[in-house]
Amino acid sequence: MISMLELVKDSRMRQAFCGVLEKWSRAVNVYFMNWEKCPFPRMGESQFCNQILPLYCHVTSNWLTCEELELKQAIIKALGPMMGILLHKKGPQNPIFKEISWLLEQYKEEIDVLHVTKSLSQLLEVSGEYKIPLPKGKFQAICSALHNQISSPAKQLSIENHKELFHCVLLLARSSPDDLLAFLHKQQEIEHEAVRVASLELLRAIVGAHLPETRGKKLLIVKAVKSTLSDQNATTQGTFDRFGSLIGKIAPFSCDSLATSRQWVVDCISCLLCIQGQSINLGSAEEELRCLREAVTAPDPEALFQASSKMARIVSEYFPSEQATDFIEATLGGLLSASPTCAAAAGLWMKIILMERGDAMLDKVPDILAILYRHMPTIQEGRLRQFLVEAVSILAHHHQEAMISSLLSKGLPMDRLPIKALEVVLFKGGNERLVRALRKQRTWTLVENPKTHHEGVCLLVSILLRSGLITPEIIQSLLPWVNSPSENHRVTSTAFLAQLMSDPMLREKKFLKPVLHILEEKSHDRNSIVRQMAVRGLGNLVYGAPEKVKKHKKFLMVILIRALSDPFSSEVIGESMKAVAKVLKELKEKDIGSSFRDLTQRIRTYFDNEDDALRLLSFVLFGILARLTKRKWKGYFAEQVRQSWVTLLLHLQDPNPRVSVECRATFHLCVPFLGLKRLQAAVNQHLDGTAELKPEELQVDICRHLAKENAELLENLYKSTITYFCSSWEEIRAVAANLAGIILEHIDRQRMKWQDLEHLLMSLQVLKKDPSPSVQLVATEVLNDICPGRVLGE
């Protein structure tokens with residue numbers, strides 16, 4: 001890499017170079033942390049440092065002034081890991097710390113600042129682990145930059161970046177707690193509300209982290225927070241606007257391990273209620289809180305939780321429902337950084353506030369659900385995730401329809417808290433029978449599995465429709481998901497609409513036209529399941545609005561016939577065949593128009609398909625066309641039958657019993673198109689009724705009648721039959737060989753060219769060596785019948 005440096009000129013090469021540097025440096029840092037587990041001799045730290053130093057110097061000296069955002073981001077991602085290695089080098093670290101200023105400046109750029117935070121995190125972890133103090137100026141600069149990120153109302157932080165920022169602050173608290181606390185206390189004096197709130201949030205996180213370095217300073221932190229909240233002039237406006245958020249941040253400490261912290265919570269809540277209730281009479285609330293101040297000193301955990309619950313109920317009486325989202329956000333944000341008892345208290349308060357005030361939160365349901373969704377990836381521990389389910393359950397008790405609408409509008413990702421949440425919502429809404437039906441049909445299992453998710457959604461929607469739980473509002477909220485960049489959301493929403501097409505509500509509420517347009521658009525989607533669901537939806541128009549099928553016949557047939565040739569998915573083809581079958585049953589021959597020709601030809605291409613389902617459906621469709629054809633397309637369809645009837649005759653003995661049964665019905669419907677009345681009468685004797693079919697007897701009768709009625713057709717039958725000697729199914733090879741022998745018994749040998757007979761004999765000799773014993777046996781018998789006593793090869 002060092003030898004290549006001078007050759008790395010353009011931006012793309014530099015990006016690639018930085019990518020390698022980043023991954024190599026991260027790997028080295030992992031090695032440093034786990035070298036004792038490595039079976040090989042340990043490489044010296046200085047050896048790595050000496051190797052990375054020239055690369056680090058070149059990058060920082062020559063590339064930091066770049067303007068390209070992609071390159072800048074690549075440099076940022078590599079810088080932290082490289083610094084982490086170089087800090088292991090004994091000697092002055094100032095040259096390494098020099099670039100911290102450039103790194104912090106990048107917070108002001110239009111880039112993904114998560115990578116800045118991650119690089120800082122890598123640097124701080126190593127400096128803390130090896131007790132390498134940061135220069136005072138750099139420490140203050142990092143504190144300011146991190147605090148600005150957290151407190152800035154203009155910045156919408158991702159969950160990952162928020163978590164990483166707090167991790168960096170805790171690393172600073174471990175390396176220099178006095179300096180960090182001094183910085184945060186100073187921020188408390190600033191008049192800007194967001195700055196003070198961010199400082200409180202960070203102090204709370206430090207208290208909750210139970211760091212050994214801050215254990216002796218915990219009371220000082222608590223007092224600082226308490227004094228700040230108690231300052232009426234500093235907090236009146238901030239606390240009144242941010243009551244929910246502040247309650248969410250401090251409530252978990254009502255079950256903190258320190259009794260003084262628990263008493264501080266009571267004091268803070270008393271203060272907040274006084275500010276919140278300036279224009280109302282608090283009544284006995286103040287006296288109750290004073291009593292609870294003594295109760296929270298009890299060592300018994302159960303007594304503590306009882307006291308915490310009483311506090312939550314007092315607060316709920318004065319809780320402004322419009323601040324519910326701030327409260328939920330703050331509560332969930334603290335779950336991971338809190339101790340187990342504090343986390344339990346947070347969940348307890350969330351449940352009580354939602355139970356007591358949830359009825360007034362109808363307009364907040366989508367926002368609350370969005371917050372729960374956003375925290376799902378970070379809250380994995382079972383007990384903590386249970387809090388999310390219970391929150392959904394309580395809200396469902398108050399607002400079932402709004403919760404169903406919001407859950408479905410999330411597109412039901414393939415995840416177990418949204419699925420569980422929907423089940424809870426339905427159960428809480430008094431739909432126990434419906435929930436049992438969903439479980440019995442394994443709906444939730446289908447929805448959870450990515451391979452069957454779409455089928456699960458269709459089943460779920462069909463049951464919800466029957467129960468009257470799908471409303472126009474739900475449909476409206478779900479429509480935007482069909483254009484989501486997330487394939488999961490497109491699959492879910494298209495499956496939802498596909499099933500919805502079978503319900504008259506779509507027509508009654510004037511959704512039919514826009515949904516038809518959406519399904520047409522989704523039939524081109526790059527995801528094959530989305531295409532499959534779009535095609536299913538178009539077919540379901542037959543159930544939801546049968547009278548509209550003729551109106552949209554051309555539109556439907558163009559899309560469905562195109563889907564019959566889907567190049568990537570047999571499921572899309574099969575779904576299209578099913579949809580065409582539904583649509584054709586609502587149409588007459590004249591309605592199909594010029595689509596008839598394309599449709600017939602495409603169906604025939606699947607008669608010999610290796611997919612059993614496609615073969616079966618192709619025979620079903622061909623039979624429907626036979627019933628449909630009366631006048632206009634009779635001549636054309638008759639020609640298609642002549643070209644296909646050998647295939648139909650052979651597949652009467654299809655390897656799949658279901659396919660052979662369907663082929664029997666279709667063959668029966670197609671024989672009249674050959675125009676041979678005696679042959680038709682003979683065939684009817686074999687196919688009428690439910691008697692067991694004897695295919696060989698049928699073949700003998702057909703050949704006997706053709707020899708009398710239409711010798712040319714018998715010759716064509718022979719030529720088509722021998723092409724099936726190469727079929728991939730041993731059953732069809734055997735049937736073809738046997739049929740060839742029957743034809744030869746009835747055909748006029750004088751009309752037959754000698755080359756054709758010689759070709760047949762050679763082909764049968766090949767079949768005598770077939771891998772299948774049954775094919776070998778048939779070929780041998782036919783050869784003996786044709787040339788009794790003839791020596792093979794003569």
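**Helix packing and a pocket**

User: Are α32 and α35 roughly parallel or roughly antiparallel?
Analyst: Roughly parallel, because of the angle at which they pack. The cut-offs are under 35 degrees for roughly parallel, over 145 for roughly antiparallel, 65 to 115 for roughly perpendicular, and oblique for the rest. This is a predicted model, where local features need pLDDT of at least 70 and side-chain atom pairs 80 or more, while totals for chains, interfaces and linings use all residues. Numbering starts from 1 along each chain as its sequence is written, and side-chain values use heavy atoms, without hydrogens or water.

User: What's the angle between α32 and α35?
Analyst: About 20°, with the axes 10 Å apart. Helix α32 covers residues 553-563 and helix α35 covers 595-604. Helices are DSSP runs of H or I, at least four residues, numbered from the N terminus. Axes are fitted to C-alpha atoms over the stretch in contact, and angles run from 0 to 180 degrees between N-to-C directions.

User: Which residues make the contact?
Analyst: From α32, Met557, Ile561 and Arg562. From α35, Ser595, Asp598, Leu599 and Arg602. Contact means heavy atoms within 4.5 Å.

User: How many of those in the contact of α32 with α35 are charged?
Analyst: 3 are charged, with 3 nonpolar and 1 polar. Asp, Glu, Lys and Arg count as charged; Ala, Val, Leu, Ile, Met, Phe, Trp, Tyr, Cys and Pro as nonpolar; the others, Gly among them, as polar.

User: New topic. Which helix gives the largest share of the lining of the second largest pocket?
Analyst: α6, with 7 residues. Helices α1, α6, α7 and α8 each supply at least two.

User: How many residues line that second largest pocket, and which lie nearest its centre?
Analyst: 24 residues line it; Glu125, Ser127, Gly128, Glu129 and Tyr130 lie nearest the centre. A pocket is an open set of 1 Å grid points, over the protein atoms alone, where a 1.4 Å probe fits, with protein on both sides within 12 Å along at least five of seven lines; lining residues have an atom within 4 Å of a point. The lining has 10 nonpolar, 7 polar and 7 charged residues.
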